[in-house]
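Let's take a look at how two protein chains can sit against each other. Have the sequence and the 3D view open as you read.

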Protein chains: 4
Amino acid sequence: MIIIMKDRASTEQITQMETRLKNLGFQTHPIVGEFKTIIGAIGDKRLVDMEALKTLPGVEDVVPIMKPYKLAGRELIKEKTQVNVSGVTIGGKRQVVFAGPCAIESEEQVVGIAKAVKASGASILRGGAFKPRTSPYSFKGLAKEGLEILKTAREETGLPIITEVMDTRDVELVSSYVDMLQIGARNMQNFSLLTEVGRTNKPVLLKRGLSARVEEWLMAAEYIMSEGNENVVLCERGITTFETATRNTVDIAAVAVVNELSHLPIIVDPSHATGHSKYVPCVARAAIAAGADGLMIEVHNDPQNAMCDGPQSITPGQFDELMGRLAAISGAVDRSL
Amino acid sequence: MIIIMKDRASTEQITQMETRLKNLGFQTHPIVGEFKTIIGAIGDKRLVDMEALKTLPGVEDVVPIMKPYKLAGRELIKEKTQVNVSGVTIGGKRQVVFAGPCAIESEEQVVGIAKAVKASGASILRGGAFKPRTSPYSFKGLAKEGLEILKTAREETGLPIITEVMDTRDVELVSSYVDMLQIGARNMQNFSLLTEVGRTNKPVLLKRGLSARVEEWLMAAEYIMSEGNENVVLCERGITTFETATRNTVDIAAVAVVNELSHLPIIVDPSHATGHSKYVPCVARAAIAAGADGLMIEVHNDPQNAMCDGPQSITPGQFDELMGRLAAISGAVDRSL
Amino acid sequence: MIIIMKDRASTEQITQMETRLKNLGFQTHPIVGEFKTIIGAIGDKRLVDMEALKTLPGVEDVVPIMKPYKLAGRELIKEKTQVNVSGVTIGGKRQVVFAGPCAIESEEQVVGIAKAVKASGASILRGGAFKPRTSPYSFKGLAKEGLEILKTAREETGLPIITEVMDTRDVELVSSYVDMLQIGARNMQNFSLLTEVGRTNKPVLLKRGLSARVEEWLMAAEYIMSEGNENVVLCERGITTFETATRNTVDIAAVAVVNELSHLPIIVDPSHATGHSKYVPCVARAAIAAGADGLMIEVHNDPQNAMCDGPQSITPGQFDELMGRLAAISGAVDRSL
Amino acid sequence: MIIIMKDRASTEQITQMETRLKNLGFQTHPIVGEFKTIIGAIGDKRLVDMEALKTLPGVEDVVPIMKPYKLAGRELIKEKTQVNVSGVTIGGKRQVVFAGPCAIESEEQVVGIAKAVKASGASILRGGAFKPRTSPYSFKGLAKEGLEILKTAREETGLPIITEVMDTRDVELVSSYVDMLQIGARNMQNFSLLTEVGRTNKPVLLKRGLSARVEEWLMAAEYIMSEGNENVVLCERGITTFETATRNTVDIAAVAVVNELSHLPIIVDPSHATGHSKYVPCVARAAIAAGADGLMIEVHNDPQNAMCDGPQSITPGQFDELMGRLAAISGAVDRSL
């Protein structure tokens, strides 16, 4: 940690800061410049809250040297993590495709879509039983009945299943059905929920919050991991920007940034990232080429009558065509699909 | 609602859309232009999900005419709402100040601050018992013990108390202690939590999400109101932008925008909006002049040793000085403080 | 165009609006709903400024139906445009790579880099003679001497050359040297400059402004085209967002959005988009897979001693390796490199 | 300056960095921590471009200690600057109001508005002769004829005049007419233009760019000042964010941030910040209370027929009413209007 003192800082203020740092267990190394004094503070105190130091008199800024996350970062864990979802490995050479409808509407719908996406090469089935909707008047999902349908679809296809959990009270129930839990973008900083899923033994897909910097996203992963559950997969699904042509703006470089800073796998969701089925193939292709460890794509047999997110869902036929293209790109970057 | 058809849309596609709209209960009014056809659809269907219409062939865009919120909007409820918090009216002529520490640390701390801010003119005491923290290693609050301390502070000062609730499982407990519930910015779209507080009879302070447009914020209020709890107060606390000099960027015009679109009271939180105590007075003054119905300000007796958000907390002495200034501005805009 | 009247709008206000629209040459089609009246206005008036209509009493909103751009849009020009830069076609099957140093430093440097990037498959040489720098104390380029060096590099390699022009007074000079003019992101709405390059017969590369929506970007292209120069190529180079891990956030979906809305070719600049050489390959691969018509990549023989943008420049060796990878991806999307 | 080396940095890399820093004239102070080494580098090198250091092997980050601006900052110039515009002082106790139409349309219009706003207390007359318009088909201003009209209005009212200059070729002409030059938001990083107005002796109003951090804005001021013209006034006019209810989002805290970092005066433009006349009073009141050194407000006698920005213009009557309110607020913050 480095403390930058104001150019007007008095000798007394500098001494006061040094004393405080020593009391906190740091070794201090003051460097006196022409205008300003800086104090280097040695000691791995990332787990201690240092923001209070900014309030001491004469302080201009406090610059951390160590990352604030430990379990999620590359500093201590160098090897890329592989997360095993009931036999499907995420974070290996193979780029894994999650596919399925936004919301679970009926057994016929889900099983039909599941068979189709499996035939096209998808490895994990997604489907919402509890739906976060911006309007209280929208369809909110079939809840437990939806979980039962998902289970049936798994039995029929062998695909592991993932669904979103939105409420701490539902974590136990949902965990008893699915192979992987999903935390939605709007709950990325729902710390109670992060803690609760951290206490399960289910792999967790953690979507990036709409206004979360990569560092905040990794801190959310740290929340889950600090409870003992280290099977976290990150999912880039677009951030909020001023652009209105797409629902969100996908941050494709985040694939490389996350790979630099963290050992956790990262996948991309082109459906929420764009909000329009016509733009899904472009972003899906880009994500595979960028080196994402997988994709999550919304597929619906009848988007015109979907109960949720129809405009961003592609049909099984479009999905099949897209998968062929993605496989070729995957090969071109020495991965497989 | 207006449906804009693509310039390449066929007569058949236009007929198909008209049929669908009629089946949904709309009267249709097609207008044929040189390049494009538009269809006006009459009927108040704001409660029905219309996004699926965008997926029909030949459709370029769907433009809603009615606002998606009903209970939170000005279209049906013209009069400004006044929310009563145990005798304190929010939304009237008087601009109401909420003050107190970020986190509850001890009875001595909270009671001391409570007495001080009351003496300076604050009307409601704030203090966090459950703290949402971006790092899992930070202090997360005293939980139930904190609620007890808040209760004591109310007994000693007579100030109504507000605290944040983060978990659906805590809503009942927290409601049994406080006069008003707070939903934090990171939970603005935690729909389970919105639903749960909507089922209590406690007034709710709903902070704006970090990437929420005013419309999304009003939809979150609608969630609470649609459960029967219409005592919602909005709190602007800064949004996420590219600027890094402040923690967030306060959207001061939101005070006027909310007053245009909604009948709900709106207050401003200059502490989270800026993240630096030195900038708090500037934004507090601006908010009072802008016409906010109140302020929420973090006050700590010893910011250098605060367990949370020390850098953005002002001292009781600074608060007292600020209140004098704010009272003068309040008078200049025909309000009182 | 559709005029949405407020629910409180009087009959008189509606009549007044209809009269005004008719005077402007529109046919009007009022539709009276339960709460609001809307007026459909038929007539292609995209070239007339309609915002004043919003100020009429009783008006809630004015919704345009036609796009505000005409020459840059797909509505009237359906075929993809191909721009010819001294024999290199942009917008065809082949994805075209522009490469070269950020700033021109010396003949030796530029000619050396030019030969290297040509050998690796680049088609156009870039290099800055006039540099926009955020600090007035930074190196601002060699100006005319830089243009001479670029010319020499073209003679030595046969590569067409492109450089940025920043000042209306330099357009004539720069045009006399180069094969293509570049408008930088910070000048995307420098309307005098757009007008001036629109009067030349040189192809123009128009970088997206840091806070420009796609629609505003296309309007900037319209500026150039409305002066008679229709050889415009768009360049996505990242937009300003809250993320700080990269210099900007590249909007990869913009490749698909532009292809939907416009017939103009679009390329991507991964160097400015990320600001770090280590992230350049990720975004370059993504752009090729997304379907961009080309790339612009900063290459420097000695990034540690570059006079500008060293941290985002890759070396000729890295460029060569990257090109091999890109060619494979290009093939996988049925293009060539 | 502080260099943070990667935890994997070798001793050789650290030595190499130290050597390089010494060659650049710095004294170096290495501090070896458990995981990382940091190097403190002493010496005021803010005028040297240090980004190349980031490209050296083993470097994680380079943290500047000194601000990159010198003339615009508070580090060397402690006293608040007062800018004199033909007798009107900006930056003193009095908060100065600039008012007038967006575009100059006729002598009758401008002189009429000028007389009205002067009577209400405005001190400087604004009016556009050269208009930056996002559409090439919009009215672009009367150019020289507009300057003549402005001059007449000054003769008739005694108000100093300000107008925007957009093109380096027009700087001399415009300077010969007006009392103050305006640089528009879209030209904030038009470095040729900044340099050119820096060579005049006219005070300059520098609008904040739509995606400019405060630091970038101050660097733009530094550009002008480094040419010898230190009479720069900053103007906050809203930044681009995701919110669409207003044209831009005004950053009201920037008033305090600028006062902390710079000695230059700062005013606020509520018209462009909001884009709607109905929201102008709210932001104008907020800016006066926040402590801005003035306001720039668009006033038009007939907004419904304005040739530019009608929706955000208020009438002389509304302006007069607003000024009364603003004077009261100004008094409440110990300023005058």
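## Where chain C meets chain D

In this contact, 49 residues of chain C touch 49 residues of chain D. Keep in mind that you're looking at a predicted model. Putting the two chains together buries about 4200 Å² between chain C and chain D, and carbon and sulfur atoms give 49% of that area. Over on the chain C side, the residues that lose the most area to chain D are C:Y137, C:Y223 and C:Q304, which together make up 16% of what that side buries.

The rule picks out 2 salt bridges across the interface of chain C and chain D. In a salt bridge with an N to O distance of 3.2 Å, the side chain of C:R169 meets that of D:E196.

Which helices of chain C each supply at least two residues of the side that touches chain D? They are α1 (11-23), α5 (191-198) and α6 (214-225).

| Class | Residues on the side of chain C that touches chain D |
|---|---|
| nonpolar | 19 residues |
| polar | 17 residues |

Last stop: chain A. Its domain assignment gives domain 1 (2-63) and domain 2 (83-332). How far apart do the C-alpha centres of domain 1 of chain A and domain 2 of chain A lie? Those centres are 44 Å apart.

Definitions and conventions: Residues are numbered from 1 along each chain as its sequence is written. Chains are lettered from A and ligands numbered from 1 in the order in which they are written. This is a predicted model: local features need pLDDT of at least 70, side-chain atom pairs count only at pLDDT 80 or more; totals for chains, interfaces and linings use all residues. Side-chain values use heavy atoms; hydrogens and water are left out. Domain bounds come from an automatic or database domain assignment. Contact means heavy atoms within 4.5 Å. Buried area is the accessible area (1.4 Å probe) that two parts lose on being put together, summed over both. A salt bridge is a side-chain nitrogen of Lys or Arg within 4 Å of a carboxyl oxygen of Asp or Glu. Helices (H or I, at least four residues) and strands (E, at least two) are DSSP runs, numbered from the N terminus. Ala, Val, Leu, Ile, Met, Phe, Trp, Tyr, Cys and Pro count as nonpolar, Asp, Glu, Lys and Arg as charged, and the others, Gly among them, as polar.
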